[in-house]
Amino acid sequence: MKFFIDTADIAEIQDLATTGMVDGVTTNPSLVAKSGRDFKQVVAEICEIVPGPVSAEVTATDADAMIAEGLKLCEIAPNVTVKVPLTWDGLKACRALSDDGRMVNVTLCFSANQALLAAKAGASFISPFIGRLDDINLDGLELITEIREIYDNYDFDTEILAASIRTVNHVSECAKIGADVATAPPSIIRKLIEHPLTDKGLEAFLADWEKTGQKIL
Ligand code: G3P
């Protein structure tokens, strides 16, 4: 499973990129607003750090304007993925941009039918928002399972990009269900490694090694 980082925070991206595990980055207007920085400049900087797909979202709401914005964003770097919302206009823009050879991430997906439409519109990625479904007492992970089944039934190439991930268990469950990508905030990515028995075991190994008085180098 690929890991994308869901942030517009350059320092966080730079730091996590050193693990070699960052396959891409997703941003959205809310994350850009949180960064307080110029959108296109931030996207350019992210694209320099991470060679994989970097999602940058259009803000127009009609198809022609979305296409124009998408093409403008694609001028920033070859790894820009145009993010469009799951509306009819967004799907029309998705088809046009995809036919033009651009990567498109269709976002704000909350149902299997929406995901089916995005795949038929040629989306490179579909972004089901797990956490926001859980927020309203629905089952975000169940949606990932449904989309996996539908995409496999018809051999759609669209990658399932699980988004709105709020917990470490969301990540492991998405991996079990077969999501192609998980995009998560830096705080969740950092927590994936945590286990008290790892910390305790390492502490004991180091204490015993200290007693030997030996050095490897
Ligand atoms: O990738 C989408 C993500 O940014 C939304 O997350 O936590 O705002 O639902 P959240």
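# Helix packing and buried core in a predicted model

The crossing of helix α8 and helix α9 is right-handed, a term used when the near helix is turned clockwise from the far one by less than a right angle. On the α8 side, the residues that make the contact are Leu141, Ile144, Thr145 and Arg148, while α9 contributes His170, Glu173, Cys174 and Ile177. Contact here means heavy atoms within 4.5 Å.

The structure is a predicted model, in which local features need pLDDT of at least 70 and side-chain atom pairs count only at pLDDT 80 or more, whereas totals for chains, interfaces and linings use all residues. Residues are numbered from 1 along each chain as its sequence is written, and side-chain values use heavy atoms, with hydrogens and water left out.

## Overall picture

The protein has 11 helices and eight strands; these are DSSP runs numbered from the N terminus (helices H or I, at least four residues; strands E, at least two). Along the principal axes, the C-alpha atoms fill a box of roughly 70 × 35 × 30 Å. Of the 217 residues, 44% count as buried (buried is under 20% relative accessible area, exposed over 50%, partly exposed in between, with a 1.4 Å probe and protein chains only). Among contacts between residues at least 6 apart in sequence, 57% join residues at least 24 apart.

The table gives the packing of two pairs.

| Helices | Angle | Separation of axes |
|---|---|---|
| α8 (residues 140-154) and α9 (residues 168-177) | about 20 degrees | 10 Å |
| α1 (residues 10-17) and α3 (residues 39-49) | about 5 degrees | 10 Å |

Axes are lines fitted to C-alpha atoms over the stretch in contact, and angles run from 0 to 180 degrees between N-to-C directions. Helices α8 and α9 are therefore roughly parallel to each other, and α1 and α3 are likewise roughly parallel (angles under 35 degrees; over 145 is roughly antiparallel, 65 to 115 roughly perpendicular, and the rest oblique). In the second pair, Ile10, Ile13, Gln14 and Ala17 of α1 meet Val42, Glu45, Ile46 and Ile49 of α3.

## The core and its surroundings

The largest nonpolar core has 58 residues, and those with the most contacts inside it are Val84, Val106, Ile126, Ile147 and Ile165. Such a core is a set of buried Ala, Val, Leu, Ile, Met, Phe, Trp, Tyr and Cys residues joined through side-chain atoms within 4.5 Å. Helix α8 supplies the largest share of this core, five residues. Apart from its neighbours within four places in sequence, Ile165 touches residues including Ile130, His170, Val171 and Ile188.

Ser127 lies in strand β6 (residues 125-128) and counts as buried, because its relative accessibility is 1%. Beyond its neighbours within four places in sequence, Ser127 is in contact with Asn105, Val106, Thr107, Leu108, Cys109, Leu161 and Ala163. Its C-alpha atom is separated by 21 Å from that of Ala65, 62 residues apart along the chain.

Most residues other than glycine have a negative phi. Asn137, however, has a phi near 65 degrees, and Ser164 has one near 55 degrees. Asn137 is placed in the loop between α7 (130-135) and α8, whereas Ser164 lies in the loop between β7 (159-162) and α9. Is each of these residues buried or exposed? Asn137 counts as exposed, because its relative accessibility is 73%. Ser164 is buried, with a relative accessible area of 10%.
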